[in-house]
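Subject: Handover of a structure and notes on its contents

Dear colleague,

Please find below the structure that I am handing over to you. I would be grateful if you could read the notes with the structure open beside them.

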Amino acid sequence: MTGGVGADTVRAMTVDVDTCREHFIEHFGYDPDGAVAAPGRVNLIGEHTDYNDGFVLPIAIERETVAVFGPRDDSIVQFVSTSTDEPDEIDLDAPIAPGELTWANYCRGVAAGLVGWGLRPHGCDVLVSSDVPLGGGLSSSASLEVAVALALLNGEVDAMPPGELAKICQTAEHEFAGTPCGIMDQSIAIMGQAGRALLLDCRTGETRQVHFDNPDLVLLVADTEVKHELSEGGYAARRQQCYDAAAKLGVAMLRDADAESVAAAGTDGTLTDKELMRARHVVGEIARTLAAVDALEAGDYHRFGELMVASHESLRDDYEVSCDELDAIVELACACEGVYGARMTGGGFGGCAIILATAGAADRVSETVAAGYGERFGSACPIFATRAAGGARRVL
Ligand code: GLA
């Protein structure tokens, strides 16, 4: 989907629940009990700060994973997905370990976490279907984890505190998928609200819902559709460098450091060059995130856009998690009239960039960026517009 982002494209692009229900009946032979949905996300600002106890400002997007569920009278859970022919099955009465199927390991991890938390989900059949591009930097895995968790909880969205549920899903990702992610993606999938960005303090778990519903603005998501090699080891390595830098600075987490002490520790050789760069990004990004909330609340989108660009530059130069494709989108977007700012979003090394523009400029910006990107890389990048969507909820 390239080009125009007129009314049609801005419309919610959600998975059709009735079709999912039909798939469920076809597969399991009976009518399901219910269905839940959990969204993907983009982060407006506050990147690589969550695992440093910092602040993040994501929104849930209008792409989601739907999980349709039905009860069983034994302790078995069967998982099927509309995007693969390979189903999976676990027994809740036996120890749950990672299996062969990558997609199903997220589901297994969540089931293990719920059992470990002391909840005893009933056996059930679960069918999942998602329109969050897989592995595309929009948190398809967090939306899957949260949707499956709620299906296992029989659709009872309030069965446990949101922060606890987010942690169970995060742990599933650490222990069953081998990804040492922070808490942002799972939190926004659960706590997202329509028309709001979520300011999350990743240290205390405190949240604030910030208005992000100005109809004169459009948020475009441009997908590079690339995933560079570095994404696996690069994320864990950055995380370690942050912890090493914090230890050398004598603080628990980089959240506790300030720009002056980081600069001084760079000059006197306490930090290596890379540690200095990583710490400078994190400390700067935490400050930018709080400043961005002020700008948003004041309706100062020019300032908000400047902070987005500063965030991108810091991720590119100090954190070294951008790539040519992301840089090109940001550069092309920022050269367009009507654009407040643009930046990579998520972990980086590929994935998506976001562009904040006036609603009137959205189509033109989208076309210009897609065309310029196509000239440079051989094919246009898909671009879609999204509003801040709601978080996980029951849909059937
Ligand atoms: C990935 C992780 C998040 C966060 C971002 C970077 O999306 O899953 O926890 O660390 O990268 O901000």
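The notes below go through the domains, the nonpolar cores, the ligand site and a few single residues.

Please bear in mind that this is a predicted model.

Domains

The domain assignment divides the protein chain into domain 1 (17-212 + 390-394) and domain 2 (217-386). Taken over C-alpha atoms, the centres of domain 1 and domain 2 are 26 Å apart. Contacts between the two involve 36 residues of domain 1 and 44 residues of domain 2.

Nonpolar cores

The largest nonpolar core holds 74 residues, and the members that touch the most others are Leu44, Leu57, Phe212, Leu254, Phe304 and Ile355. Helix H9 (residues 273-297) contributes nine residues, the most to this core. Because domain 1 and domain 2 both give residues to this core, it lies between them.

Phenylalanine 212 deserves a separate look. Leaving out residues up to four places away in sequence, phenylalanine 212 touches Leu44, Ile59, Gly195, Arg196, Ala197, Leu219, Leu296, Leu356 and Ala388. There is also a second, separate core of 49 residues, with Phe69, Val110, Cys202 and Ala392 among them.

Ligand site

- A polar backbone atom of histidine 48 is 2.7 Å from an oxygen atom of the ligand.
- In tyrosine 235, a side-chain N or O atom is 2.6 Å from an oxygen atom of the ligand.
- For glycine 347, a backbone N or O atom and an oxygen atom of the ligand are 3.4 Å apart.

Taken alone, the ligand exposes 300 Å², of which the protein buries 93%.

Buried residues

Glutamate 275 is placed in helix H9. With a relative accessible area of 8%, under the 20% limit, glutamate 275 counts as buried. Its side chain makes a polar contact of 3.0 Å with the side chain of lysine 248. Apart from neighbours within four places in sequence, glutamate 275 is in contact with Gln241, Asp244, Ala245, Lys248 and Thr270.

Alanine 35 belongs to strand E1 (residues 34-43), and its relative accessibility of 0% makes alanine 35 buried. Setting aside neighbours within four places in sequence, the contacts of alanine 35 are Val17, Val66, Ala67, Val68, Phe69, Arg393, Arg394, Val395 and Leu396. Phe69 is also listed in the second core. Between alanine 35 and alanine 172 there are 137 residues in sequence and 21 Å in space, from C-alpha to C-alpha.

Residues with positive phi

Asparagine 154 is not a glycine, yet its phi is positive, at about 60°. This residue lies in the loop between helix H4 (140-152) and helix H5 (162-177). Asparagine 154 is partly exposed, with a relative accessible area of 36%.

Glutamate 225, likewise a residue other than glycine, has a positive phi near 55°. Glutamate 225 is located in strand E9 (residues 217-227). Its relative accessibility is 59%, so glutamate 225 counts as exposed.

Yours sincerely

Key
Residues are numbered from 1 along each chain as its sequence is written. This is a predicted model: local features need pLDDT of at least 70, side-chain atom pairs count only at pLDDT 80 or more; totals for chains, interfaces and linings use all residues. Side-chain values use heavy atoms; hydrogens and water are left out. A nonpolar core is a set of buried Ala, Val, Leu, Ile, Met, Phe, Trp, Tyr and Cys residues joined through side-chain atoms within 4.5 Å. Buried means under 20% relative accessible area, exposed over 50%, partly exposed in between (1.4 Å probe, protein chains only). Helices (H or I, at least four residues) and strands (E, at least two) are DSSP runs, numbered from the N terminus. Domain bounds come from an automatic or database domain assignment. Contact means heavy atoms within 4.5 Å. A polar contact is a pair of N or O atoms within 3.5 Å; within protein, one must be able to donate a hydrogen and the other to accept it, and residues adjacent in sequence count only if both atoms are side-chain atoms. Accessible areas come from the Shrake-Rupley method with a 1.4 Å probe; for residues, only the protein chains shown count as cover.
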